[in-house]
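Good morning, colleagues. Please look at the sequence and the structure together as I speak.

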Amino acid sequence: MQIAPPRAATALAAVALVAAALTTGCSSDSGSKSSDDTKNAKSGASPSTSATGSSAPAAGDGAIPVGPGPQPAYTVQKQPAEGSCHYQYTSAKEPLPDPKCTPGATNPKVTQATVKTTICRSGYTKDIRPPVGITSREKTANAASYGYKGSLKDYEYDHLISLQLGGDPNDPRNLWVEPPSPGHKPGAGPNNPKDVVETKLKTAICAGKADLVKAQQAIAHDWTTALKTLGLPEKAAKGDPTAAKDPDDE
């Protein structure tokens with residue numbers, strides 16, 4: 001019987017040990033990741049990803065849909081399915097629309113280059129506003145979209161991006177039946193502090209102190225934080241005309 005030289009046998013044994021260690025390490029890492037992914041799948045969490053990839057969609061760039069713009073004659077627009085939209089509320093109980101139903105829509109005629117001849121021109125919104133005969137029918141249908149069954153006298157059919165901020169006049173993505181804010185007395189009609197925010201934003205845009213697109217994005221995201229987002233004063237100084245109702249308010 002031949003016996004392998006002691007040195008050769010030792011070397012072969014060392015190679016076998018290294019190979020076994022490497023194989024065991026790979027199996028452990030793979031099993032751990034698979035186990036974590038299984039746990040995440042059961043809990044609804046995202047699966048583990050590498051440092052250079054992500055299973056979640058990338059955050060949007062804040063782009064807002066562009067509507068058809070002012071029309072020579074408006075027609076009643078189809079609203080979201082009944083009960084498919086849901087109001088949201090801030091911590092202060094201020095109402096916000098469902099972003100899936102009402103993401104906002106802009107007027108293609110209003111750009112940063114045209115603000116002086118459009119939204120900054122007094123009376124502009126009156127020229128492009130849809131007639132009540134159109135919006136009243138849309139309001140009733142939109143109330144059904146949001147599941148509201150009470151009186152519509154205290155609710156405002158509101159342009160999320162107001163006409164004075166370059167919002168589309170009659171795109172259903174830009175209109176919602178807005179509930180009253182806290183402190184409202186039933187039967188008193190709408191109380192809408194959002195109007196004051198819109199006027200402040202428009203004033204800042206026309207004074208060159210705010211960017212049109214950024215203002216539109218801010219108001220569409222959350223009207224209660226829009227001024228802060230743009231670095232504008234949230235409280236009006238005494239005698240500030242923007243604290244009053246603007247003729248171009250909704």
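This is a predicted model: local features need pLDDT of at least 70, side-chain atom pairs count only at pLDDT 80 or more; totals for chains, interfaces and linings use all residues.

The protein has 6 helices and 4 strands. Of its 250 residues, 38% count as buried. The accessible surface amounts to about 14700 Å², and carbon and sulfur atoms contribute 59% of that area. As for contacts with a separation of 6 or more, 72% of them are between residues 24 or more positions apart.

Let me turn to the disulfides. A disulfide is a covalent bond between the sulfur atoms of two cysteines. How many disulfides does the count give? It comes to 2. If the bonded cysteines are numbered in sequence order, the pairing reads 1-2, 3-4.

In one of these, cysteine 85 is joined to cysteine 101, with 2.1 Å from S to S. This pair links distant parts of the chain, 16 residues apart: cysteine 85 sits in the loop between helix H1 (6-43) and strand S1 (88-89), and cysteine 101 in the loop between strand S2 (95-96) and helix H2 (124-128). The angle about the S-S bond of cysteine 85 and cysteine 101 is -100°, and the link is left-handed. Cysteine 85 counts as buried because its relative accessibility is 2%. Cysteine 101, at 11%, is likewise counted as buried.

A disulfide also forms between cysteine 120 and cysteine 206, whose sulfur atoms are 2.0 Å apart. Cysteine 120 lies in the loop between S2 and H2, whereas cysteine 206 belongs to helix H4 (residues 194-206), so this bond ties together parts that are 86 residues apart in sequence. The torsion about the S-S bond of cysteine 120 and cysteine 206 is about -100°, and therefore this disulfide is left-handed. Cysteine 120 is partly exposed, at 23% relative accessibility.

I come next to the charged side chains. Side chains of opposite charge can pair when their charged atoms come close. The count of salt bridges is 4, and I shall describe some of them.

Lysine 194 and aspartate 158 meet through their side chains in a salt bridge, at 2.8 Å from N to O. Here, too, distant parts of the chain are linked: lysine 194 is in helix H4 and aspartate 158 in strand S3, 36 residues apart. Why does lysine 194 count as buried? The reason is that its relative accessible area is 0%. Aspartate 158 is also buried, at 0%.

Glutamate 198 forms a salt bridge with lysine 194 as well, at 2.4 Å from N to O. These two residues both lie in helix H4, 4 residues apart, or about one turn of the helix. Through shared partners, the salt bridges join Asp158, Lys194 and Glu198 into one network.

A further salt bridge pairs aspartate 127 with arginine 121, their closest N and O atoms being 3.4 Å apart. Aspartate 127 is exposed at 54%, while arginine 121 is partly exposed at 34%.

Lysine 139, in helix H3 (residues 132-145), is buried but has no salt bridge. The nearest side chain of opposite charge is that of glutamate 156, 8.2 Å away. Beyond its sequence neighbours within four places, lysine 139 contacts residues including Leu152, Tyr155 and Val177.

Finally, isoleucine 161 is found in the loop between strand S3 (156-159) and strand S4 (175-178). Isoleucine 161 counts as buried because its relative accessibility is 0%. Among the residues it touches are Ile64, Thr106, Asn174 and Ile219.

Notes. Residues are numbered from 1 along each chain as its sequence is written. Side-chain values use heavy atoms; hydrogens and water are left out. Buried means under 20% relative accessible area, exposed over 50%, partly exposed in between (1.4 Å probe, protein chains only). Contact means heavy atoms within 4.5 Å. Accessible areas come from the Shrake-Rupley method with a 1.4 Å probe; for residues, only the protein chains shown count as cover. A disulfide is a pair of cysteine sulfur atoms within 2.5 Å. Lys and Arg count as positive and Asp and Glu as negative; His and the chain ends are not counted.
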